[in-house]
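Work through these exercises with the structure open beside you. Try each task before reading its solution.

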Amino acid sequence: MKKAVILFILLVIVIAGYMLVDERQLSIEGLKSNLEALGNWRNQSPIVFAGLFLLAYIISAAFSFPIAVPLTLIAGAIFGLFWGTVIVSFGSTIGALLSFLASRHLMRDFVQQRFGDRLQAINDGVKRDGSFYLFTLRLIPVFPFFLINLLMGLTPISALRFYIVSQLGMLAGTIVYVNAGTQLAQIESLSGILSPGIILSFVLLGIFPWLAKVAIGKWNRHRRYQGFDRPAKFDRNLIVIGAGAAGLVSTYIAAAVKAKVTLVEAGKMGGDCLNFGCVPSKALIRSAKLAHQIRHGENYGLEPGQPQFSFKTIFERIHAVIRTIEPHDSVERYEALGAEVLKGYARIRNPWTVDITLEDGTVRSLTSRSIIIATGASPLVPDLPGLEETGYVTSDTLWEKFVCLEKKPEKIVILGGGPIGSELAHAFVRLGCEVTQVERGDRILPREDREVSEFARKSLVADGVKVLTGHSALGSEMQDGRKYLNIESDDQKSRIEFDELVVAVGRKPRLAGFGLEELGVPTDRTVGTNEYLETIFPNILAAGDVAGPYQFTHVASHQAWYAAVNALFGIVRKFKVDYRVIPWTTFIDPEVARVGLNEQEARDKNIAFDVTRYELEELDRAIADSATRGFIKVLTPPGKDRILGVTIVGEHAGDLMAEFVLAMKHGLGLNKILSTIHTYPTLAEANKYVAGEWRRKQVSPRTLAFLDWFHGWMRGK
């Protein structure tokens with residue numbers, strides 16, 4: 001309310017200022033007629049006159065009064081070129097700063113809260129290139145300076161940077177106008193000051209920073225390549241290192257457009273997802289879910305029973321599933337597509353040359369115009385005392401070990417409360433293992449809303465998982481032939497016995513051994529890339545887990561398109577990778593799926609939102625399937641039909657999410673989902689019903705009251 005009052009007062013001042021301005025006094029003749037009187041005043045009190053003139057200029061600039069040009073001409077006529085330029089330069093910049101600060105104080109919070117998600121790209125651009133933007137706008141006088149002040153106040157640019165860049169950017173225009181003022185007696189009209197030639201000069205000055213930026217970028221790239229001998233011609237258009245999701249998609253695209261491409265893989269084709277991650281874990285989860293359903297047959301009108309199974313057979317099925325999918329990612333398939341596939345270790349010798357150590361020990365060197373690094377990630381193993389002695393498995397190694405076990409491990413400890421740890425904990429407890437999950441944070445699935453994390457915890461606990469949050473692992477030890485994990489919480493130490501310890505605390509990109517360090521490519525946590533997925537060498541790109549910022553197979557495939565297209569066609573056009581709509585799912589039971597913002601992220605970013613919720617216990621198909629646990633939660637801007645984010649907890653949540661991903665990607669709102677026919681009875685109807693809940697909330701009480709009156713009137717009342 002206070003800000004609104006201040007804004008109103010400022011608006012009144014601006015309007016009054018415009019009304020008080022006498023246009024006749026602002027004409028060339030008016031300025032000339034007052035010049036002698038102003039000159040006499042300056043001669044009598046030069047310091048006072050200069051101070052008052054500076055103050056008047058600051059006020060006029062701050063409130064955008066239409067007297068800036070006349071005042072500048074007067075400054076040139078009265079003070080001369082040097083002092084006139086000094087006074088006008090500081091007066092205009094200080095006034096601009098005051099306008100900037102007023103905009104920031106009165107309007108920025110409101111604008112960012114209401115439109116923060118839409119302005120994210122602009123905010124990022126200003127943080128990165130704000131000085132260039134501002135300097136260019138200041139150099140070109142066709143842009144209203146007051147508008148620049150107000151708009152820049154809404155962005156993250158600092159006040160000090162705004163002031164310095166504004167003063168430098170406006171200096172050229174200031175000199176032109178002040179110099180014109182020194183020749184005021186010869187000027188016939190204000191329009192004559194800015195001739196087409198001068199305007200063109202300003203435009204060229206405005207373009208100059210961007211030309212300089214491009215030139216500097218090219219010079220930096222040239223320096224990067226100095227010391228390396230660029231081949232006169234290349235063996236390949238593209239070499240891809242790594243045959244996981246990102247590498248396979250990159251290779252597929254290159255082969256499809258008839259580029260000569262070589263794919264290099266030292267391990268198994270298909271990478272982590274096929275062999276160690278997505279595929280085997282989902283096969284395990286399916287077996288565990290069926291075992292759970294047999295135990296709870298009463299939920300389906302059946303007699304509950306004890307599932308009869310062999311732990312070894314379950315893992316044999318998992319490997320059979322992998323073998324069934326393997327042909328999709330096989331050497332034979334990609335060679336049939338036209339790609340060359342080499343089994344071996346790749347090392348980048350220089351920006352265009354890759355040395356490949358083949359399985360027989362021979363080394364083959366290939367040159368390529370472009371290289372894509374798609375080496376994936378591996379499990380992160382903490383440095384805990386005793387871990388090597390007691391032994392452990394990761395999400396990569398447990399599949400090979402457990403398929404050799406004749407019976408299930410009785411006691412399993414899962415170290416980690418993220419998606420991987422939670423999925424494995426839920427699966428193993430349903431297969432009859434005694435499972436303890438240890439998480440250092442205060443809750444599992446910390447990226448989700450707190451209520452979702454709590455929902456997931458209750459689901460795991462209900463099935464028998466002992467979830468220990470707020471517990472740190474100190475190390476492991478052997479005692480009397482038994483294995484123990486030592487943990488600590490609130491200075492209280494304890495230990496947990498285990499037969500198998502599964503380490504699932506995260507994954508780290510595979511960065512070592514590929515020659516990146518020797519080339520100077522940044523590898524701080526991930527391979528350093530720009531928005532085009534280029535490294536410091538534009539012809540060397542990265543995609544997938546090794547590039548970040550997300551470690552999902554579908555994101556790796558998404559990035560691969562950008563990496564491949566930019567690598568092959570970047571000389572014509574480059575595409576910035578698009579991370580605006582990224583969905584993900586945690587496959588516990590019920591599943592947890594999300595796209596866009598959740599409540600905790602929206603609050604952290606100060607984005608205003610409304611929440612619309614639909615409980616699955618109201619859905620006919622969920623009732624028929626005994627799958628009523630869960631809900632759909634949609635975030636929208638207050639009063640607007642635009643989806644900010646969706647969280648789904650429930651049966652097949654990951655599948656249900658696809659409709660919302662499509663809607664967000666293409667700017668469709670909940671009204672579009674509501675007006676779409678959904679088959680009855682399906683779980684997908686929940687998406688339509690949550691849209692209906694949102695629509696009902698948009699109807700005002702006044703409208704409902706009018707409709708009540710209208711229908712009463714229609715009945716003859």
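The exercises below concern a predicted model, and each has a worked solution.

**Exercise 1. Find the largest nonpolar core and the elements that build it.**

Step 1. In soluble globular proteins, nonpolar side chains tend to be buried together.

Step 2. Count the residues. The largest nonpolar core holds 40. Those with the most contacts inside it are Leu284, Phe315, Leu398, Phe428 and Val435.

Step 3. List the elements that give two or more residues. They are helix 12 (278-295), helix 13 (311-325), helix 16 (398-402), strand 8 (411-415), helix 17 (419-430) and helix 18 (450-462). Helix 12 gives the most, with six residues.

Step 4. Look at one member. Leaving aside residues up to four places away in sequence, Phe315 touches Leu284, Leu398, Trp399, Phe402, Val403 and Phe428.

Step 5. A second, separate core has 28 residues, including Ala246, Leu263, Tyr334 and Ala543.

**Exercise 2. Classify two aromatic pairs by their geometry.**

Step 1. Know what to read off. A pair of aromatic rings is described by the distance of the centres and the angle of the planes. The whole structure has 22 aromatic pairs.

Step 2. Take Phe311 and Phe402. Their centres are 5.8 Å apart and their planes make 50°, and the pair is tilted. Phe311 belongs to helix 13 and Phe402 to helix 16, so the pair ties together parts 91 residues apart in sequence. Both residues are buried.

Step 3. Take Trp561 and Phe575. Here the centres lie 5.4 Å apart and the planes stand at 70°, so the pair is edge-to-face. Trp561 is in helix 20 (residues 553-569), while Phe575 is in the loop between helix 20 and strand 17 (583-586). They are 14 residues apart.

Step 4. Check the exposure of this second pair. Trp561 has a relative accessible area of 38%, so it is partly exposed. Phe575, at 24%, is also partly exposed.

Step 5. Widen the view. Ring pairs join Phe311, Phe315, Trp399, Phe402 and Phe428 into a cluster.

**Exercise 3. Find the rings that Arg447 and Arg613 lie over.**

Step 1. Go to Arg447. Its charged end sits over the ring of Trp584, 4.6 Å from the centre.

Step 2. Go to Arg613. This residue lies over the face of Phe631, 3.9 Å from the ring centre.

**Exercise 4. Describe the cover and the partners of strand 21.**

Step 1. Check burial. In strand 21 (residues 645-650), six of six residues are buried.

Step 2. Separate the faces. In a regular strand the side chains alternate between the two faces of the sheet. One side of strand 21 carries Gly645, Thr647 and Val649, the other Val646, Ile648 and Gly650, and both faces are covered.

Step 3. Find the partners. Strand 18 (residues 591-596) runs antiparallel to strand 21, joined by six bridges.

**Exercise 5. Is Asp396 buried or exposed, and what does it touch?**

Step 1. Asp396 is in the loop between strand 7 (393-394) and helix 16.

Step 2. Apply the cut-off. Buried means under 20% relative accessible area. Asp396 has 10%, so it counts as buried.

Step 3. List its surroundings. Not counting residues up to four places away in sequence, Asp396 touches Asp272, Phe276, Ser378, Pro379, Arg507 and Arg510. Its side chain makes a polar contact with the side chain of Arg507, at 3.2 Å.

Note on methods:
Residues numbered from 1 in each chain as written. Predicted model: local features only at pLDDT ≥ 70, side-chain atom pairs only at ≥ 80, totals over all residues. Heavy atoms only, no water. Core = buried A, V, L, I, M, F, W, Y, C linked by side-chain atoms within 4.5 Å. Buried < 20%, exposed > 50% of the residue type's maximum accessible area, 1.4 Å probe, protein only. Helix = DSSP H or I, 4+ residues; strand = E, 2+ residues; numbered from the N terminus. Contact = heavy atoms within 4.5 Å. Phe/Tyr/Trp six-rings, centres within 6.5 Å; stacked < 30°, edge-to-face > 60°. Lys NZ or Arg CZ within 6 Å of the ring centre and 35° of its normal. Pairing = 2+ DSSP bridges. Polar contact = N/O pair within 3.5 Å; in protein donor to acceptor, adjacent residues only side chain to side chain.
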